[in-house]
Amino acid sequence: MATPIKRIEKDFLLKVLYDEQIPLMYLRNRTEYILHVEKPAKTEMYLKVDRPIAGLKPRRKLDLIFDYRGQIISFVVEIVSAKDEYIIAEAPEFLYKNLDRSFSRVTTPPDMEVLLTFRGDRYALNYPRVSEYEPEEIGNFMTNLDPKNLSGLIAQMAAWIKGYANGYKLVIFKDVKPTTTEERIISETGKTLYIPSTQTSFPDVDPYPKRRIITVEMFKRYLESTGVDIAYIDEAINRYLKAKFDANFFSVAWVPLLFQEYVIGYIHIWINKEGKLPFDYGVIDTLYQFAKILAFSLKQNGYFEKGRLKNEPFAGRVVDISASGLLFAYPHSNLSSSLLPDSELAAKLIAPKRIINANAKIVRRYKDHAIGYFGCRFLDMAPEDMRFLFEYIYGKPFTDTDAVFLAGQV
């Protein structure tokens, strides 16, 4: 993951660029340009390029990289003025190291066309929507389970739950909308609301690499969003937990049913009698797997079929591209709202002498008031296609030296 460099180190590196005349590299339209810093950088950087770069104008951004003692550093500057081989730019706010992209990004060649298509089925459904995409990964948990037999799956889940809980409820948001505090927070987050003991509190930390649990801090933020004054947040949490305990709920959880980016319902389990241990993460893990299987079973039984979308290619405006991925923009729309991290796309890169087909995963996204931006990583591009793409966008043969130097972030 790219790491911002702290201010003292950033100031040192900007000074070194001038003192040691370390070359900066800029790639544009399959051409490599070398720049040097002409004056010590303060609020502005004075740069001299080895030859004029066509099309530069104020407010255009330049992605620059350099090698300092084997460490690849990148930063972005915004042009103030440019004339011939001289450029004045605002000093960068951040420098980045520990970069994780495989190759440096460049402006997309003007004679390249990129078409993108969702991989797999996509849906427009009338359920609460979250900002994450839940891939269909059932794993080994499906052994001896028939996804077509929905009632059988529910019966097996109920039998398993009896060993750990006194009661459970399965809710689908088909004819009902989220109304309770618990329903609203799991619908907004797509995460499990888990209270190991109503005599203590919510978990302080989420132990899962891909976050699944509503922590006490998340619950506090939710209460703030509902209008609870920050001065009374702790008191509100204590009242909430006391109300659960007084109603004889000793250990309780609400596990969402996730289908792609939709929260289609939840599994609610509780202990309200003596004799059972509080729920632990092993119980939550198994319920999470049951939730995935139930969502998969609903799909297999045609539950979402009316909302299935026709899968057609679309042309995003490609902002920049590298041999390992691309960044594209698309206006806010129903389509762009489905472009979530972990979504996979089929990418067709059409160049004058070759068409490259590859799969790409969205690894990050951000947006402004009108446009969404989506950073994708190529997943399985054939070696010969990668070599062609490298030479096509960078305008030079692929070498081991380039592979080491051209490092950065998709």
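These notes walk through a predicted model, one region at a time.

1. Ground rules. The model is predicted, so local features need pLDDT of at least 70, side-chain atom pairs count only at pLDDT 80 or more, and totals for chains, interfaces and linings use all residues. Residues are numbered from 1 along each chain as its sequence is written, and side-chain values use heavy atoms, with hydrogens and water left out.

2. Strands are DSSP runs of E, at least two residues; helices are runs of H or I, at least four; both are numbered from the N terminus. Two strands pair if DSSP finds at least two bridges between them.

3. Strand 10 pairs with strand 17 (residues 344–351) in the antiparallel sense, over 6 bridges. Val-114 has Leu-349 of strand 17 as its bridge partner.

4. Axes here are lines fitted to C-alpha atoms, for helices over the stretch in contact, and angles run from 0 to 180 degrees between N-to-C directions.

5. Asp-320. This residue sits in strand 15 (residues 317–321). Is Asp-320 buried or exposed? Asp-320 counts as buried because its relative accessibility is 10%. Buried means under 20% relative accessible area, exposed over 50%, and partly exposed in between (1.4 Å probe, protein chains only). Leaving aside neighbours within four places in sequence, Asp-320 is in contact (heavy atoms within 4.5 Å) with Arg-105, Val-106, Thr-107, Thr-108, Leu-326 and Leu-327.

6. The largest nonpolar core. A nonpolar core is a set of buried Ala, Val, Leu, Ile, Met, Phe, Trp, Tyr and Cys residues joined through side-chain atoms within 4.5 Å. The largest one has 56 residues; Leu-193, Phe-202, Phe-219, Ile-264, Ile-267 and Ile-269 touch the most other members. Strand 14 gives the most to this core, with 15 residues. Beyond neighbours within four places in sequence, Phe-219 is in contact with Thr-181, Ile-185, Leu-193, Phe-202, Ile-214, Ile-237 and Tyr-240. Another core, of 34 residues, lies apart from it and includes Met-25, Val-114, Phe-328 and Phe-378.

7. Helix 3. In this helix (residues 181–189), Glu-182, Glu-183, Ile-185, Ile-186 and Ser-187 are buried. Their cover includes strand 12 (167–172), helix 4 (216–225) and helix 5 (233–246). Gly-190, just after the helix, takes a positive phi of about 70°.

8. Helix 2 against helix 6. These two pack at an angle of about 170°, with their axes 10 Å apart. That makes helix 2 roughly antiparallel to helix 6, a label for angles over 145 degrees. Among the contact residues are Trp-160 of helix 2 and Phe-290 of helix 6. The contact holds 12 nonpolar, 3 polar and no charged residues. Ala, Val, Leu, Ile, Met, Phe, Trp, Tyr, Cys and Pro count as nonpolar, Asp, Glu, Lys and Arg as charged, and the others, Gly among them, as polar.

9. Tyr-68. Strand 5 (residues 61–68) holds this residue. Tyr-68 counts as buried, at 14% relative accessibility. Setting aside neighbours within four places in sequence, Tyr-68 is in contact with Phe-12, Leu-13, Val-16, Glu-20 and Ile-22. The C-alpha atoms of Tyr-68 and Val-114 are separated by 34 Å.

Key:
Angles under 35 degrees count as roughly parallel, over 145 as roughly antiparallel, 65 to 115 as roughly perpendicular and the rest as oblique.
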